[in-house]
Amino acid sequence: MTAMAQRDIGAIGENAFLSWCEPEGFRAQKSHVDRLGWDFLLEREPLRSRDRPLDGQNDLPKFLIQVKSTEDERKAPRIKLSALKHLVDADLPAAVVALFFAKGARLPTRGLLVPVDDALITDTLRRVRREEARGNRSIHKTTIPVPLDRAVEIDPTGEGLSRALNAMIGGEVSTYIAEKISHRRTCGFEDKSVVGTFFVPGKEAAKKISHLFLGGPRELHVYDLTIERRRFGIALENDRDHFHRAVLELDAPPLLSSTIELATSEGEWISLEMDVFISPPLQRGVSGPIRFANRFLEFVLDFASKHGGLSFDYSGDRTLPFEEAVNIVEVGSILARPVKTLIIRFMGTKLELPMGPEEGPFAHWQHAAPALRRVVSALGRSHRRFAHQIQLTALYDWIESHTEYLAILSTPGVHMTFPRWSEDVFVEQQEVIFTPFSLVLGEVEYTALIEIPIESLKRTEDEITLVGGQPTVVADVIRAAGADTNDFIESAIEQSKRQRKRFEPALVAGDFENWRTAMLPVCQVA
């Protein structure tokens, strides 16, 4: 009597799976020597729509399948860790099919499809790295149970195979592959995955290191720098770099934001949003410096040395949003005053610091700052979209050439001279003189009516000279450039007369030379 050959459950399972493929619309290519993790390459005729050009229909799905079979229905079949990693590494959709057979049966009683998804990729690469950390790089000798926790049930006849593979892709094949590659490259590096150690010599070492965290590109010369990548929190000897000497460059992000204010005894004031950079406490009992900074101003508080330092970047080669440029002019105007205060509002506390008496070289901006701030405020109230920028050099030059014009908005002592006319006697009855103020910014125009108290009046045979007091802006408005503003001027004059309870005709100065043609050199953001 001849003994029967030993039952090869693996071959039986592969033949059973092969019988599934044709009815489900797949052509199966068998791997004659399974050394790269797959038993079958499945291909399918692509579906082409007549409603779209053929050259734009490029999906051609291909699947790598590893088949694992068992006659023990209580346990998952086992798979080599190297085979799983091959399926993870392949730039194709991949899956493991687990088939369960009863003892001696020719057909499976149960079929499961295990997709190589993000979770399986993560779990496989974590296992591989853990084995290498233990000294085991021979992962083809390591087997694990096929992970069935996310498996999809397939009918033992194979019905539902195509549906399950389509659901695994979830859309276009190219998108699936791109996401698989990305996850394979990045998983395991989520939390503190790169650790560096280095040595800084000298007594000032802690101070030098703490300054790295104050924001902006900063450099530090170090020795014995070791960079260790700890994927999944696991370090490997062959995944670290060592440098005897190196330069560390760090551009630390801000930890939070805060507000600082600059104010003068003359009543000038500005509030600015600032990023806050805090250096870590590297020495017990010693607080590191704190840096407040935006794109043009920074203030560093060094508690150890009880010193604070302010830096102001007003370099003119930059092009900035109009409001930010006005902020720079306002800060410069305040720094030009002899008495000024810095107020820091930080984490619910208020710190008021008197500043030194040094005066910055910006006194010529003091007439411009209040006028430009009024323009910015009016733009905000108008709800017009104003996405314009201005080069700082152009703004500085414009201020220089329009100093007297800008002073009319805020500076007392203006002298106005008019030729005599036949009905000028009523001038002596006036408390104030009105003058319009207009400024064009691209496609919009700022118009204000300024009320100037008459402090003194001098009359000669040919002319009248007035000396004005502190100007007041009665009202202002933003309209399209070149639009008629006569109605606004008349309305603002009547508003002032009502407030002052005056009913006689108003004294209104005509346009001064070049006033109606004053234009700020702004440019629209593309």
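Let's start with two helices that meet: the axes of helix α7 (residues 322-335) and helix α9 (residues 392-401) come within 11 Å, crossing at roughly 55°. This is a predicted model, so keep that in mind as you look around. At that angle, α7 and α9 are oblique to each other, because angles between the roughly parallel and roughly perpendicular ranges, under 35 degrees and 65 to 115, count that way. The crossing of the pair α7 and α9 is right-handed. On the α7 side, the contact is made by Ala325, Ile328 and Val329, and on the α9 side by Leu392, Leu395, Tyr396 and Ile399. What classes do the residues in this contact of α7 with α9 fall into? There are 7 nonpolar residues, with no polar and no charged ones.

Now for another helix pair. Helix α3 (residues 118-133) and helix α5 (residues 173-186) have axes that come within 10 Å and cross at roughly 30°. So α3 and α5 are roughly parallel to each other, because angles under 35 degrees count as roughly parallel. Their crossing, α3 with α5, is right-handed. Asp118, Ile121, Thr122 and Leu125 from α3 meet Lys180, His183 and Arg184 from α5. Sorted by class, that contact of α3 with α5 holds 2 nonpolar, 2 polar and 3 charged residues.

Next, zoom in on Asp476, which sits in strand β25 (residues 472-480). Is Asp476 buried or exposed? Asp476 is buried, with a relative accessible area of 15%, because anything under 20% counts as buried. If you skip its neighbours within four places in sequence, Asp476 is in contact with Arg374, Ala378, Arg381, Tyr446, Thr447, Ala448 and Phe488. The side chain of Asp476 makes polar contacts with the side chain of Arg381 and with the side chain of Tyr446.

Glu261 is your next stop, and you'll find it in strand β12 (residues 256-264). Glu261 has 8% relative accessibility, so it counts as buried. Leaving out residues up to four places away in sequence, Glu261 touches Trp269, Ile270, Ser271, Thr341, Leu342, Ile343 and Arg345. Polar contacts join the side chain of Glu261 to the side chain of Trp269 and to the side chain of Arg345.

| Residue | Partner | Distance |
|---|---|---|
| Asp476 | Arg381 | 2.4 Å |
| Asp476 | Tyr446 | 2.9 Å |
| Glu261 | Trp269 | 3.2 Å |
| Glu261 | Arg345 | 2.5 Å |

**Positive phi angles**

Let's turn to the backbone. Phe232 has a positive phi of about 55°, although Phe232 is not a glycine. Where is Phe232 found? Look in the loop between β10 (218-231) and β11 (234-250). With a relative accessible area of 19%, Phe232 is buried, because the cut-off for buried is under 20%.

Lys501 also gets a mention here: its phi is positive, about 55°, and Lys501 is not a glycine. You can find Lys501 in the loop between α11 (486-500) and β26 (519-520). Is Lys501 buried or exposed? Lys501 counts as exposed, at 67% relative accessibility, because exposed means over 50%.

**Chain distance and space**

Ala363 lies in the loop between β19 (349-354) and α8 (368-382). Ala363 is partly exposed, with a relative accessible area of 45%, because that value falls between the 20% and 50% cut-offs. What separates the C-alpha atoms of Ala363 and Ser333? These two residues are 30 residues apart along the chain, and their C-alpha atoms are separated by 6.2 Å.

Arg52 is found in the loop between β2 (40-43) and β3 (62-70). At 48% relative accessibility, Arg52 counts as partly exposed.

How values were computed
Residues numbered from 1 in each chain as written. Predicted model: local features only at pLDDT ≥ 70, side-chain atom pairs only at ≥ 80, totals over all residues. Heavy atoms only, no water. Helix = DSSP H or I, 4+ residues; strand = E, 2+ residues; numbered from the N terminus. Buried < 20%, exposed > 50% of the residue type's maximum accessible area, 1.4 Å probe, protein only. Polar contact = N/O pair within 3.5 Å; in protein donor to acceptor, adjacent residues only side chain to side chain. Contact = heavy atoms within 4.5 Å. Axes fitted to C-alpha atoms, helices over the stretch in contact; angles between N-to-C directions. Parallel < 35°, antiparallel > 145°, perpendicular 65-115°, else oblique. Left-handed = near helix turned anticlockwise from the far one by under 90°. Nonpolar A, V, L, I, M, F, W, Y, C, P; charged D, E, K, R; others polar.
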